[in-house]
Amino acid sequence: MSSIIELLMDQLGGETLGKISRQVGAREEDTAKAMPEVLGLLTDALARNSSRQDGAQALSNALEKDHDGSILDNLPDFINNFQDGPGDGILRHVLGDRRSAVEQGLSQKSSLDLGSITKLLTMAAPLIMGFLGRSQRKDGLDVG
């Protein structure tokens, strides 16, 4: 079974990755290397937050209410307008006061500057939530 990261990377490949790179102000090869790390960090943070019953319920509610997966139907439009999307709010909720340290750590690990990492995280968070929301609906998943 493919992981969330692999499945999202498949959707973000090719021309889409080029658009993402241009939006974050980075070379495509640098974005391609950083994106799995960004997606992995966000999925780990979501898993950590949802390891408690109240966190799992909050995630399930957010997916049901705000993240139906439709964001994945028109990736070019979302990528062009990601700053108007829910990324900052998702990151505030998922990373909390660790956000700045996370961004700095990712920037140091990758060849992307802090500004590019911040944009990449802001773009990636709604994509992961959309993917999870679509999976929740498709597979009939509940909080359990």
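I first looked up R52 and D54, whose side chains form a salt bridge at 3.2 Å, N to O. I use the term for a side-chain nitrogen of Lys or Arg within 4 Å of a carboxyl oxygen of Asp or Glu. R52 is partly exposed, at 48% relative accessible area; I count under 20% as buried, over 50% as exposed and anything in between as partly exposed (1.4 Å probe, protein chains only).

I note that the model is predicted, that local features need pLDDT of at least 70 and side-chain atom pairs 80 or more, and that totals for chains, interfaces and linings use all residues. Residues are numbered from 1 along each chain as its sequence is written, and side-chain values use heavy atoms, without hydrogens and water.

I next looked up R134 and D73, which meet in a salt bridge at 2.5 Å, N to O. R134 belongs to helix α8 (residues 114-139) and D73 to the loop between α4 (53-66) and α5 (75-80), so the pair ties together parts 61 residues apart in sequence. Helices here are DSSP runs (H or I, at least four residues), numbered from the N terminus. R134 is partly exposed at 29%, whereas D73 is exposed at 58%.

I then turned to R99 and D88, whose side chains make a salt bridge of 2.9 Å, N to O. The pair links distant parts of the chain, with R99 in helix α7 (residues 99-109) and D88 in helix α6 (residues 87-95), 11 residues apart. I found R99 buried at 15% and D88 partly exposed at 35%.

Salt bridges with shared partners join R27, E29 and D30 into one network. I recorded 8 salt bridges in the structure.

Key:
Helix = DSSP H or I, 4+ residues; strand = E, 2+ residues; numbered from the N terminus.
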